[in-house]
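Biologist: I would like to learn how to read a structure like this one. Where do we start?

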Amino acid sequence: MSDKHTAVAEQFDDPEQEYHAATLGMWVFLATEVLFFGVLFASYAVSRFNYPEAFAEASRHTDIVLGTISTGVLLTSGFTMALAVRSAKLGRDKAIIGFLVLTILLAIAFLFIEGTEYYQAYGEQLIPAFNFMYEGAHEKPVELFFFLYFLMTGMHAVHVTIGILIMAAIAIMAGRRRFTSYYYTPVELTGLYWAFVDIVWIFLYPLFYLVART
Amino acid sequence: MSANAAAEYTSYLGGGDTLKSWLTTLDHKRIAVLYLISITLFFLIGGVAAAVIRLELVTYAGDFVTAETYNKTFSLHGIVMVWFFLIPSIPATLGNFLIPLMVGARDLAFPRLNLASWYLYTVGGIFTIGMVIAGGVDTGWTFYTPFSTMFSNTYVVAAVIGVFIVGFSTIFTGINFIVTIHKMRAPGLTWFRLPMFVWANYATSAIMVLATPVLAMTLTLVAVERIFQIGIFDPALGGDPLLFQHLFWFYSHPAVYIMVLPAMGVASELIACFSRNPIFGYRFMAYSVMAIAVLGFLVWGHHMFVSGQSVYAGMMFSLFSFVVAIPSAIKVFNWTATLYKGSISFEAPMLYALGFVFLFMIGGLTGIVVAALALDVHLTDTYFVIAHFHYIMVGGSVMAYLGGIHFWWPKMTGKMYSEMWGRVAAVLIFVGFNVTFFPQFLLGYLGMPRRYHEYPEALEVLNVISSGGAVILTLGYLLPLVYLLWSLRYGRIAGGNPWEAKGLEWQTSSPPAKHNFKETPVVTEEAYAYSPYKV
Ligand code: HEM
Ligand SMILES: [Cu+2]
């Protein structure tokens, strides 16, 4: 146990207190994230309320097939992440690393699919402020839709990328045998973060891909 | 005492005096001192801008600075005072220093995050200063769209980035406080034994954490809209300018509670100590703090009565605003009740605290006036509003901040300042403040609009009085800078508990050792265990 996590940070009395503090810290942080995204959701709501037809029309230009596949990929990564946390609870270092690597690969696949969609949008000249060209009555609101689309999925992608980096760091820590079945707080917190990333996407998917179908 | 033990007892100020040891410190007390220094610098910058504003307004003609410079000056003043002074002031300095001491912890839960907060604050500050050097910004501190996104030819993006960064400093501070207060209280220190200062900062942190991200994202949208000419606020682009105001005030109204709740916490500590009475209605005080924090999120629309939001929305927001007045009134009532039959002594910190209560009361009462829909339609964007929010923010928060600095100065530095000068400064500030801002109520009532650099000749007398008051006020603000610094060198040794105050922070040496307490204290008493009626 000695070279494992025995050194509690100076300000804490015991590992338990440290665990509770770190967990609460993560929850509060995620609360701030919810509000951070909340502004974008509110903006979306107002814009769509103002231009319902234009938003439906615009959403026909997003790729529902790719969107659905990437949703599946991301949700699967949530599952493998949960398995990584479970392995940590059981103290199985190899399994932690395995599931984390799997999660990372799925996350990369997600980003790749999203990149493909961005590239398609580029081809169709749908990127606001860059090459936006749209014929028709709803030009401005459609641009607004795609502005929100790139902003919101882009913000989400930034979170995915940060998640990948964190997971890589955690995998390395697991490789150095930093965790035990008594101490796996970082793995658990990463799991929480990843759950958040998943949940945000669950809201983004219908907002951008299914509008025309509701 | 062995050499080892002696080393443990050196205060947080001793041992390692290099610049590096300060800039890399993880000790919450040192970080508090870093904040104290940077925040004071920003107060001076904001103060110089205020001086320019008042100088311009001495005469009715726009003769001292141009309209453009004037716009940049009040924008600078507002941005600096709100984001770089008022919001961080009490939490980041006094809160940082005292919360771990008051809950009997060795440090905040996340010391590295704490240091990072200070760096973010500094980097945000550099952006703001850079923005000023580059040429300033003229949008006012509210960045209203579409002016800020389409029409302003000034450095909006730099200003927005500065505010954005300092926002993250606020969020991190909030997270740190919440976790520390929840998880690191000493044995026996139940929630209802916490000092009001801790309660107040807890409520404040909740607002910081829940409101600031909204501001950050909103400002990001402003920057994006400005840079790329696409966006959701400008009607020409299909956007909705009311949306901006809703989002902005959803943050910025609660933000005024970020400024005033900690001040209420400070006032409670001071009033209890110098009247030797337990806080009257302790639980009600704690509940009111939380109630204010929650209700504060429901009233943002009172800034938008004339914006074009629906009449019904206006009526609801007006109603809710009245409701927030209730917990605030409870607080004033309970402070008064605490003073009643207390054995009051008028030390400098107490003078500040009493000044706080009085000015806060006037600010609050005039708040009810502007919260009334019909009255606000007349008063909005006049000097009445300016006077109202200065009574709350400058009269209230700054007064309490200074009172807190005076009260805990001996704890922070181990030295006493000159009591006489402390009292002189408190009185000067109180007098100067009222002479400066009371006439502005009248000016606003008479119809003087805010943000104009010239005004009808008939209003000159009141403006001259106001500017004269500002001179007294400035003097009052500069005095503490002199005698507090003086005390560092020549002040007499304070001792652990010069005020004979209760509270865990007074049970350790002044200044405290690196990890605060020799051993974790065990709490067996309620808060404010002063025995009334005897000294
Ligand atoms: C101590 C802290 C102070 C704070 C936090 C503060 C805060 C503010 C804020 C937020 C505004 C709004 C700016 C705007 O309209 O966009 C403002 C405006 C103003 N402040 Fe202060 N202020 C402080 C001190 C002072 C002092 C000492 C004076 C005068 C001696 C002063 C004079 C003014 C004036 C005249 C305006 C109106 C500018 C306009 O016409 O819009 N302030 N202040
Ligand atoms: Cu308000």
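Modeller: We will take the metal site, then a helix, then the interface. Keep in mind that this is a predicted model.

Biologist: Which residues coordinate the copper ion (ligand 2)?

Modeller: The donors are ND1 of B:His253 and the NE2 atoms of B:His302 and B:His303, at 1.7 to 2.0 Å. Along the chain their spacing is H-x48-H-H. B:His253 sits in helix α9 (residues 241-275) of chain B, while B:His303, 50 residues apart from it, lies in the loop between α10 (282-295) and α11 (311-339).

Biologist: Is B:His253 buried or exposed?

Modeller: Buried means under 20% relative accessible area. B:His253 has 5% relative accessibility, so it counts as buried. B:His303, at 29%, counts as partly exposed.

Biologist: What span should helix α5 of chain A have?

Modeller: Helix α5 (residues 139-175) of chain A has 37 residues and, at 1.5 Å a residue, should span 54 Å. Its end C-alpha atoms are 53 Å apart, which agrees.

Biologist: How is the size of an interface often given?

Modeller: As the accessible area lost when the parts come together. Here chain B and chain A bury about 2,900 Å² between them, 76% of it on carbon and sulfur atoms. On the chain B side, B:Lys183, B:Met217 and B:Ile230 lose the most area, together 20% of what that side buries.

Biologist: How many salt bridges are counted between chain B and chain A?

Modeller: The count is one. The side chains of B:Arg106 and A:Asp13 meet in a salt bridge at 2.9 Å, N to O. Of the chain B side, α8(B) gives the most, with ten residues.

Terms used: Residues numbered from 1 in each chain as written. Chains lettered and ligands numbered in written order. Predicted model: local features only at pLDDT ≥ 70, side-chain atom pairs only at ≥ 80, totals over all residues. Heavy atoms only, no water. Donors = N, O, S within 2.8 Å, 3.2 Å for Na, K, Ca; no water. Helix = DSSP H or I, 4+ residues; strand = E, 2+ residues; numbered from the N terminus. Buried < 20%, exposed > 50% of the residue type's maximum accessible area, 1.4 Å probe, protein only. Expected span 1.5 Å × (residues − 1). Buried area = accessible area lost by both parts, 1.4 Å probe. Salt bridge = Lys/Arg side-chain N within 4 Å of Asp/Glu carboxyl O.
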